Amino acid sequence: MSNPVIAVYPGTFDPITLGHQDLIRRAAGLFGTVIVAVATAHHKKTLFSLEERLESVREVVRPYANVQVEGFTGLVRDFAVAHGARAMLRGVRSVTDFDYEHQLAGMNRALAPDVETVFLTPDARYQHISSTLVREIATLRGDVAQFVAPEVHARLLQKLQTPKT
């Protein structure tokens with residue numbers, strides 16, 4: 001009997017990068033359902049609104065029939081439990097990421113013992129990419145086309161060409 005595992009991949013995805021997409025593609029092959037959980041990001045200022053981030057993520061995950069995209073607020077543990085998730089996917093690019101993610105995994109295990117944290121490392125081509133750096137470079141008018149999907153790049157260009165009020 002098959003037991004299709006639901007995995008949640010949480011993040012702000014501001015913007016979603018090729019590294020994120022690499023993890024989503026690989027997770028789609030490992031789990032029955034992958035829910036990309038886009039956080040409202042109450043703790044940091046985002047370039048894109050929640051709705052814009054949801055649209056971007058939905059656009060780039062369209063090829064994967066078993067990937068869903070939903071926004072959330074509050075504890076990711078509550079979101080994972082409410083959706084019947086058995087796994088939480090976390091990306092780890094470096095030892096620094098691992099230290100932080102290991103601590104989060106321990107807290108999540110204490111809060112939701114039935115949800116396992118699964119670490120994936122991105123393909124070597126994407127290990128240096130972070131949303132923070134992509135935003136910073138794009139804001140300074142640098143070319144970030146090699147770090148994000150073409151549709152995400154177009155959204156970045158459009159967002160940054162709009163005069164701020």
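Helices (H or I, at least four residues) and strands (E, at least two) are DSSP runs, numbered from the N terminus. The model is predicted: local features need pLDDT of at least 70 and side-chain atom pairs count only at pLDDT 80 or more, while totals for chains, interfaces and linings use all residues. Residues are numbered from 1 along each chain as its sequence is written, and side-chain values use heavy atoms, with hydrogens and water left out.

## The sheet

Strands of a sheet pair through backbone hydrogen bonds, either parallel or antiparallel. Two strands are taken as paired if DSSP finds at least two bridges between them. The pairs are listed below.

| Strand pair | Sense | Bridges |
|---|---|---|
| E2 and E3 | parallel | 6 bridges |
| E1 and E2 | parallel | 6 bridges |
| E1 and E4 | parallel | 2 bridges |
| E4 and E5 | parallel | 5 bridges |

Individual residues mark these pairings. Val-36 has Val-69 in E3 as its bridge partner, and Val-8 stands opposite Ile-35 in E2. The bridge partner of Ala-7 is Ala-87 in E4, whereas Gly-91 stands opposite Leu-120 in E5.

In E1, 5 of its 6 residues are buried, and in E4 the count is 4 of 5. Buried means under 20% relative accessible area, exposed means over 50%, and partly exposed lies in between (1.4 Å probe, protein chains only).

## The nonpolar cores

A nonpolar core is a set of buried Ala, Val, Leu, Ile, Met, Phe, Trp, Tyr and Cys residues joined through side-chain atoms within 4.5 Å. The largest has 33 residues, of which Val-36 and Val-57 touch the most other members. Elements giving two or more residues to this core include strands E1 (6–11) and E2 (33–39), together with helices H1 (18–30) and H5 (131–139). Leaving aside residues up to four places away in sequence, Val-36 touches several residues, among them Tyr-9, Phe-13, Ile-24 and Val-57. A second, separate core of 12 residues includes Val-8, Ala-37, Phe-79 and Met-88.

## Helices H2 and H6

Helix H2 (residues 50–61) packs with helix H6 (residues 150–161) at an angle of about 155 degrees, and their axes are 9 Å apart. H2 is therefore roughly antiparallel to H6. Angles under 35 degrees count as roughly parallel, over 145 as roughly antiparallel, 65 to 115 as roughly perpendicular and the rest as oblique. Glu-52, Glu-55, Ser-56, Glu-59 and Val-60 of H2 make the contact with Glu-151, Val-152, Arg-155 and Lys-159 of H6, where contact means heavy atoms within 4.5 Å. By class, 2 nonpolar, 1 polar and 6 charged residues take part. Ala, Val, Leu, Ile, Met, Phe, Trp, Tyr, Cys and Pro count as nonpolar, Asp, Glu, Lys and Arg as charged, and the others, Gly among them, as polar.

## Arg-141

Arg-141 lies in the loop between H5 and H6 and is exposed, with a relative accessible area of 58%. Its C-alpha atom is separated by 8.4 Å from that of Leu-160, 19 residues apart along the chain.

Technical notes. Axes fitted to C-alpha atoms, helices over the stretch in contact; angles between N-to-C directions.
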